[in-house]
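Subject: Structure handover

Hi,

Here is the structure for you to look over. My notes on what turned up follow below it.

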Amino acid sequence: MRQAQLQRVWKEYLLNGNDAVGGSPEAGKTGGMAKYALPVRSNDSPKLTTAYYFSQKTDHFGLSSSTFKQKIYMNAQHYTYGGPIFLLNSGETPASASYLTAGEPYTLAKAMGGLLIIMEHRYYGTSYPVSDMSGKNMVYLTVENALEDMANFIRNAQVFVKSAVGVAVSPNSKWVTTGGSYSANLAAWMRLKYPELVHAAYASSAPVRAEIDFYQYDQVVGQALPCAQSIANAVSTLDLILESGNRTLINSWKRACGLGALKDDADFAGALTDQMSNTVQYYMPTETNDAIATLCSWFSRTRNNPLQNLADMMAAYVRSSNVNVVAAYSSNYGANITDLYQDGRSWFYQTCTQFGYWQTAPRPPLRRLRSRYMTAEWQSRPCRAFFGSAVPQIPDTTGINERYGGLMPNVTRVVFVNGLLDPWSSLSLPADPMAVLRATAQGQNAVITMPRASHVADFYFAPLYTDFGVDVARRQIMEAIVSFLGQE
């Protein structure tokens, strides 16, 4: 796109506003970082639900010649010849055609005369290169293979798109990779590793630093919750009970929490972090029924001690949501089930091998809202139960951070966006002021923050939520992408 065209797009965007509609923080997937409901569709053609399949190598870097079919969705209805192409890898969730007609990538593509393509990540949804999910068959699930999947598609996109939807793609169209959460890592890393293919990237809530002992997650949760000290007091009492070894007392508290079916004490302690973590990670301010206020209201009951309040809250959640507590919270549940179509199992494998991302208890003198039993060692033990010798003793986080730069990626033309209430933001650029300064020097990248927003809020939420900075961020995102596309 010529600079004049880009300036026109930006002016029209400011005049007409962002017309994308997003979803709400309702559980939309299992096993990963983003749990958002599918966005509401625009009035684009319903034919966009058609899935296409691209042939990929099972292993781009090995000797195997086997291939598999990778699911692809496309929206070319707004594409003008020479316009940008937005490629969204679905990350740790099945690909959905819903994102072809809603959400920020759709808004950007529509405003810029762009083509929007969604690629399903290998080992998720229906895009499996293997016959089962046993440990030996998981070895092709790597960041490197996922990135090469995207690169291989870009190299062959002109022929594939023409054959699939009959649209001629200009060889001069600039590619913009995009994603939210883990898929945002892929978007940024595509620009880093394949700058000859990818012109720019938009990365929403990208935890670009791999971390085994991810205690910072707990700290951000604590900063977001007004009742954090009460929860910390409850957890301290819980740990004293667990350390006592008094099985009668321990089991009575398990039953009080609605978690009597859990045999392992650490699994029990870990389950008690679920509500507060999800409440903060998927937080969206509302005028009524504010999620944080609702959670903290349990701890305003002064007639009970903090642990009783925590137990009552957990038991109410288990009852109202009809939670199968063994399936939800037992560390080794499903270890021997190797059937396909288990997205949570795929994500767990990635954490066992390359990311860690294990949310642990901070050590003294830091305040902690989770039991001291929440250690990296406890969270890593099931890796062997699930995958045997196919996984290393510890995830290769050093390799990931060295290859892709961690908080200091050597990359340009990337828009990094984070909500500062998001616990994952502590593994993204805003966590390090020097990283932000380096990334934004001479305008080579954009780092955008939303003080009252949480995980991938800019990517999915509807534009009416202006009170926590999403609309402001979206205008900045558009401005940055327009600027980057104007560069050669």
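Helices and strands here are DSSP runs numbered from the N terminus (helices H or I, at least four residues; strands E, at least two). The chain crosses from strand 5 through helix 5 (residues 182–193) to strand 6, and the β-α-β crossover is right-handed. Right-handed means that, with the strands pointing away from the viewer, the path from the first strand over the helix to the second runs clockwise.

Ground rules: this is a predicted model, where local features need pLDDT of at least 70, side-chain atom pairs count only at pLDDT 80 or more, and totals for chains, interfaces and linings use all residues. Residues are numbered from 1 along each chain as its sequence is written, and side-chain values use heavy atoms, with hydrogens and water left out.

**The sheet**

Strand 5 (residues 175–180) pairs with strand 6 in the parallel sense, over 5 bridges. To pair, two strands need at least two DSSP bridges between them. Strand 6 also runs parallel to strand 9 (residues 414–419), joined by 4 bridges. There, Ala 203 stands opposite Phe 416.

Strand 6 (residues 200–204) has 5 of its 5 residues buried, so the rest of the structure largely encloses it. Buried means under 20% relative accessible area, exposed means over 50%, and partly exposed is in between (1.4 Å probe, protein chains only). Ala 200, Tyr 202 and Ser 204 point one way; Ala 201 and Ala 203 point the other. In a regular strand the side chains alternate between the two faces of the sheet.

An antiparallel case is strand 2 (residues 67–75) with strand 4 (residues 115–119), over 4 bridges. Ile 72 stands opposite Met 119 in that pairing.

**Salt bridges**

The whole structure has 14 salt bridges. The criterion is a side-chain nitrogen of Lys or Arg within 4 Å of a carboxyl oxygen of Asp or Glu.

- Arg 403 and Glu 144 meet at 3.1 Å, N to O. Arg 403 is in helix 16 (residues 397–404) and Glu 144 in helix 3 (residues 143–155), 259 residues apart. Arg 403 is partly exposed at 42%; Glu 144 is buried at 15%.
- Asp 239 and Arg 368 have their closest N and O atoms 2.8 Å apart. Asp 239 lies in helix 7 (residues 228–244) and Arg 368 in the loop between strand 8 (356–358) and helix 15 (376–387), so the pair ties together parts 129 residues apart in sequence. Both residues are buried.
- Lys 254 and Asp 265 have their closest N and O atoms 3.0 Å apart. Lys 254 is in helix 8 (residues 247–256), Asp 265 in helix 9 (residues 265–271). Shared partners join Arg 247, Lys 254 and Asp 265 into one network.

Best wishes
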